[in-house]
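Open the model in your viewer and get ready to click. This tour tells you what to select next and what is there.

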Amino acid sequence: MKIKSWKVFCFDEVTSTNDVARKLAREAESNFIVVADSQTKGKGQYGRKWESPPGKNLLSTYAVKFPGNFPFELISFVAGNSVAEILSGIGIQVNCKWPNDILANGSKIAGILIEKDEKWYYIGIGLNILWPESKTNFNNKVSWTSIIGEANLTLSRETFINKIAGSFDYWRSKNRKDILDKYNSFWKDKNKMVKIDIDGNWLPGKLISILNDGGVEAELNCGEKVYIYSSAKLNYEY
Ligand code: BTN
């Protein structure tokens, strides 16, 4: 199957679409997408697992040969814009939680895992379409939701792959300001109270803005401004 300039590889079951993409990239010449019904070793951020029952959600990796000069720090925003734009287009209010989560009404609806090697970026997107059926709290930290849970709407996975690919092509052709302006329009965490790791101590503060260089600016309760470049340094549970 082909979507615009993207070749699409579909599988019933894989370990992880990101891992399969990495293998396929050895033979690939241009951008491609890997989609699977289920993953036995779906990967989330920080070595976490990404769970999804077979056939319910979108499990996809967009393997992209970025031009050598494309700034790596913008890839999260290109991916975030692509997913957020589609969701907001079907009437779901989204918040892009810096750097890689997409929330709908405060619950996680999509996650993005970006990996790279010398030539390729592997942009793994897990988008909850049919599961969970409604807003669900699987553990006491993160609550989850899905498109069916938010919009009571069923669009096929193909439709989402198609739209994400189109949106992705669009946003990666844009300049830094356009990409960041769009991301900012989906970023609803200004003034959100958080904890920030300062030399091993978690200090309270609030988020101020997304920075041009891809980081986030925060202000500690003592008034000092800090600049965060790793989500490992940021705790959203205040
Ligand atoms: C996160 O922790 O929020 C990121 C989750 C990313 C999950 C997707 S599902 C498709 C792709 N393949 C993987 O193994 N992970 C990503």
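Start with the ligand and serine 16. An N or O atom in the side chain of serine 16 is 2.8 Å from an oxygen atom of the ligand. Keep in mind that this is a predicted model.

Next, select threonine 17. Its side chain has an N or O atom 2.9 Å from a nitrogen atom of the ligand.

How much of the ligand's accessible area does the protein cover? On its own, the ligand has 410 Å² of accessible area, and the protein covers 99% of it.

Show the pockets. The largest pocket is the space taken by the ligand. Which elements give two or more residues to the shell around the ligand? Select helix H1 (17–24), then strands S4 (58–64), S7 (107–116) and S8 (121–127). S7 supplies the largest share of this shell, with four residues.

Now show the 20 residues around the ligand. Ser16, Gln39, Lys43, Gln45 and Lys108 come nearest. Color the shell by class: 12 residues are polar, five are nonpolar and three are charged.

Move on to helix H2, residues 75–89, and pick isoleucine 75 in it. Is isoleucine 75 buried or exposed? It counts as buried because its relative accessibility is 0%, and buried means under 20%.

Last stop: select glycine 214 along with isoleucine 75. In sequence, the two are 139 residues apart. In space, their C-alpha atoms are 9.4 Å apart.

Conventions:
Residues numbered from 1 in each chain as written. Predicted model: local features only at pLDDT ≥ 70, side-chain atom pairs only at ≥ 80, totals over all residues. Heavy atoms only, no water. Near = heavy atom within 4 Å. Polar contact = N/O pair within 3.5 Å; in protein donor to acceptor, adjacent residues only side chain to side chain. Areas by Shrake-Rupley, 256 points an atom, 1.4 Å probe, with all protein chains shown as cover. 1 Å grid on protein atoms, 1.4 Å probe; cavity = no way out; pocket = protein on both sides within 12 Å on 5 of 7 lines; lining within 4 Å. Sits in = over half its atoms within 2 Å of the grid points. Nonpolar A, V, L, I, M, F, W, Y, C, P; charged D, E, K, R; others polar. Buried < 20%, exposed > 50% of the residue type's maximum accessible area, 1.4 Å probe, protein only.
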